[in-house]
Amino acid sequence: YQRRVHGECWKNSAILSSSAKMNIFSVGGDVLHLLSIFILLRKIIVDKNCRGISLKTQILYSVVFICRYLDLLWTFAFDLKHCYLWFMKLFFIGSSCAIVYYMRFKSPVCLTYDPKSDHFNIYFLITPCALLALAINEYFSLSEILYAFSIYLEAIAIVPQLMVVHACAKQQSGSVERLTGDYVFTLGGYRALYLINWIYRFFHEEERHWIVWISGAIQTLIYLDFFYYYMRARVQGKNLILPI
């Protein structure tokens, strides 16, 4: 079988295969992903609020990471790269579940959550992704179906978050809180760097992972509008303002 790690394929051996070597784009993507989580944890734990954050998106990410990293139950190798990957898997599962817990149950953070803004029905995202995973996967097994499901779901998991950002912006004359804007930008930036990583690998390696690549491209496209307004605000040295 193949070991799945953060959207990449890792062959079942003690040493990473040449097709799975990390490069500056994939490492940069991981750094941005970690940074996005640290920004959100800072907002929740230090500022003790989750205004402008979608609980539904955080629930979707928890589902994504749990489904994708089930191989934690049966795989581990004692070398530096695999220890790094194993730690990353644990961190993504643990942090996403902790964020959901804080937003749903932990006072005073949960008191700042606005369910009226976070009204998107996530079953409209989960159901088609589940059906697509059953129909299109690398081969028909439980682990591969769950992996494909996690890839499809991650591509659109940001939709509730973007809707919450726009809803909160309307309440504040288009203004978006700095940490919320930074969180969404770094989260989207991580996937954009992974897209560059896949393009790089397309020209330098023989393996093709079309499910991951196409889903990642769709995910990056969803962010483009936000990227434009975020970068324009930063270049101009102004607060992030969205059109309302």
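Just after helix 6, S173 adopts a positive phi of about 55°. The model is predicted. Helix 6 spans residues 159-171. Its buried residues are covered by elements including helix 2, helix 4, helix 5, helix 7 and helix 8. Two helix pairs are described below: helix 7 with helix 8, and helix 4 with helix 5.

**Helix 6**

- Helix 6 has 13 residues.
- From first C-alpha to last, helix 6 reaches 19 Å, close to the 18 Å expected at 1.5 Å a residue.
- Buried residues in helix 6 are P160, Q161, L162, V164, V165, A167, C168 and A169.
- An α-helix has 3.6 residues a turn, so residues three or four places apart point the same way.
- The cover over the buried residues of helix 6 includes helix 2 (55-68), helix 4 (123-135) and helix 5 (142-156).
- Helix 7 and helix 8 are also among the elements that cover those buried residues.

**Helix 7 with helix 8**

- Two packed helices are described by the angle between their axes and the distance between the axes.
- Helix 7 covers residues 178-204, and helix 8 covers residues 210-236.
- Their axes come within 8 Å and cross at roughly 135°.
- That angle makes helix 7 oblique to helix 8.
- The crossing of helix 7 and helix 8 is left-handed.
- The residues of this contact comprise 16 nonpolar, six polar and four charged.

**Helix 4 with helix 5**

- Helix 4 and helix 5 pack at an angle of about 140°, and their axes are 8 Å apart.
- Helix 4 is therefore oblique to helix 5.
- The crossing of helix 4 and helix 5 is right-handed.
- Helix 4 contributes L125, I126, C129, A130, L132, A133 and L134 to the contact.
- Helix 5 contributes I145, A148, F149, Y152, L153 and I156.
- By class, the contact of helix 4 with helix 5 has 13 nonpolar residues, no polar residues and no charged residues.

- V63 lies in helix 2.
- Is V63 buried or partly exposed? V63 is partly exposed, because its relative accessible area is 27%.
- Leaving aside neighbours within four places in sequence, V63 is in contact with F149 and L153.
- V63 and L153 are 90 residues apart in sequence. In space they are 8.7 Å apart, C-alpha to C-alpha.

Technical notes:
Residues are numbered from 1 along each chain as its sequence is written. This is a predicted model: local features need pLDDT of at least 70, side-chain atom pairs count only at pLDDT 80 or more; totals for chains, interfaces and linings use all residues. Side-chain values use heavy atoms; hydrogens and water are left out. Axes are lines fitted to C-alpha atoms, for helices over the stretch in contact, and angles run from 0 to 180 degrees between N-to-C directions. Helices (H or I, at least four residues) and strands (E, at least two) are DSSP runs, numbered from the N terminus. Angles under 35 degrees count as roughly parallel, over 145 as roughly antiparallel, 65 to 115 as roughly perpendicular and the rest as oblique. A crossing is left-handed if the near helix is turned anticlockwise from the far one by less than a right angle, and right-handed if clockwise. Ala, Val, Leu, Ile, Met, Phe, Trp, Tyr, Cys and Pro count as nonpolar, Asp, Glu, Lys and Arg as charged, and the others, Gly among them, as polar. The expected span of a helix is 1.5 Å times one less than its number of residues. Buried means under 20% relative accessible area, exposed over 50%, partly exposed in between (1.4 Å probe, protein chains only). Contact means heavy atoms within 4.5 Å.
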